[in-house]
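Have the structure open while you read.

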Amino acid sequence: MSEIIRAKNSGFCFGVRIAIEKTEDTIENNKNNNTRNIYTCGPLIHNKGVTDELAQKGVKIIESPEEAAFGDLLIIRSHGEGEEFYGRANELGLEIIDATCPFVMKIQKLVKQAKADGYNIVVVGDKYHPEVKGINGWCGFSSIIINSEEEAKSIEADNLFIVAQTTIKFELLENIIEILKKSGKRIHIENTICHATSIRQESCMQTAKKCDAMIIVGGKDSSNTRKLYEISKKYCKSTYLIEKIQELPLKDLKKCNKIGIAAGASTPERIIKEVIASMSEFITENQEDNLMHALMEEIEK
């Protein structure tokens, strides 16, 4: 009989939950006011299903504060923004609701102070990710952004202050730190990988090791979801990344005895439950079909 195993710590993380709650509160508080709009610059979180639902409730996505009008509400998304962004929004007369993840906000404060103290800032992460762009904006866009061991070897500056994107793999940070230590440079290290991210990745790995197939549920634009997929694929070749139940590879799961499921930090609980329910229903139907087929073969003997 097939078994579905859910990895621990799947679904909304602390920071995403806060962002969603603040946005829902903003919608509720503004429901009787038709004169001002609610905006986020870019998606609030990397989950299209969630942002589509928010759009239906009146939360519009724009690319810059200049697209909003005086008095409108502007929600700072969970990934955060650079320091100058707040100044622009204030000058435009926008009301800011700050939904930056507390852990990201901590990194922003760290790099601002470190820059003032004369350090050269190194951010380990994806330079195109909004979180990293925002962090860079708190040290005058002067940080050295690296995402590989080779890039670490090419750093010429000294007196380095090292932080990390909250969702990167700890192994990458560890390897980069080791390279910089061997270079003889003066370094100060702040391990800013979110603790919840580390736990989530470890849980995904342990689940993948004991399963015939793994389903990773989350936004395909989500950094932490992609990391879960990469980790799972390393230990379970039959790993699939899906955003909704319609993408479940049910035919490929027919012969699997143990199916694992893990979810990114931006994945709502209801989506995870829908995926589990759909797989459970499929497994039950498949087993009933197999039993009926076996009985018919026995009768025909």
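1. A search of the whole structure turns up two cavities of 30 Å³ or more. Cavity here means a set of points, on a 1 Å grid over the protein atoms alone, where a 1.4 Å probe fits but cannot get out. Points are joined across faces, edges and corners, and a volume is the space filled by probe spheres set on them.

2. Bear in mind that this is a predicted model: local features need pLDDT of at least 70, side-chain atom pairs count only at pLDDT 80 or more, and totals for chains, interfaces and linings use all residues. Residues are numbered from 1 along each chain as its sequence is written, and side-chain values use heavy atoms, with hydrogens and water left out.

3. The largest cavity holds about 320 Å³ of space. Its lining (residues with an atom within 4 Å of a point) comes to 25 residues, and C13, T166, T167, N224 and A265 lie nearest the centre. Two or more lining residues come from each of α1 (14-29), α4 (102-116), α8 (195-209) and α9 (223-235). Helices are DSSP runs of H or I, at least four residues, and strands are runs of E, at least two, numbered from the N terminus. The most comes from α8, with four residues.

4. What is the lining of the largest cavity like by class? There are 10 nonpolar, 13 polar and two charged residues. Nonpolar covers Ala, Val, Leu, Ile, Met, Phe, Trp, Tyr, Cys and Pro; charged covers Asp, Glu, Lys and Arg; the others, Gly among them, are polar.

5. The second largest cavity has a volume of about 40 Å³. T40, P43, L44, T51, L54, V59 and I61 line it, with at least two each from α2 (48-56) and β3 (59-62). That makes five nonpolar, two polar and no charged residues.

Terms used:
On a 1 Å grid over the protein atoms alone, a cavity is a set of points where a 1.4 Å probe fits but cannot get out, and a pocket is an open set with protein on both sides within 12 Å along at least five of seven lines; lining residues have an atom within 4 Å of a point.
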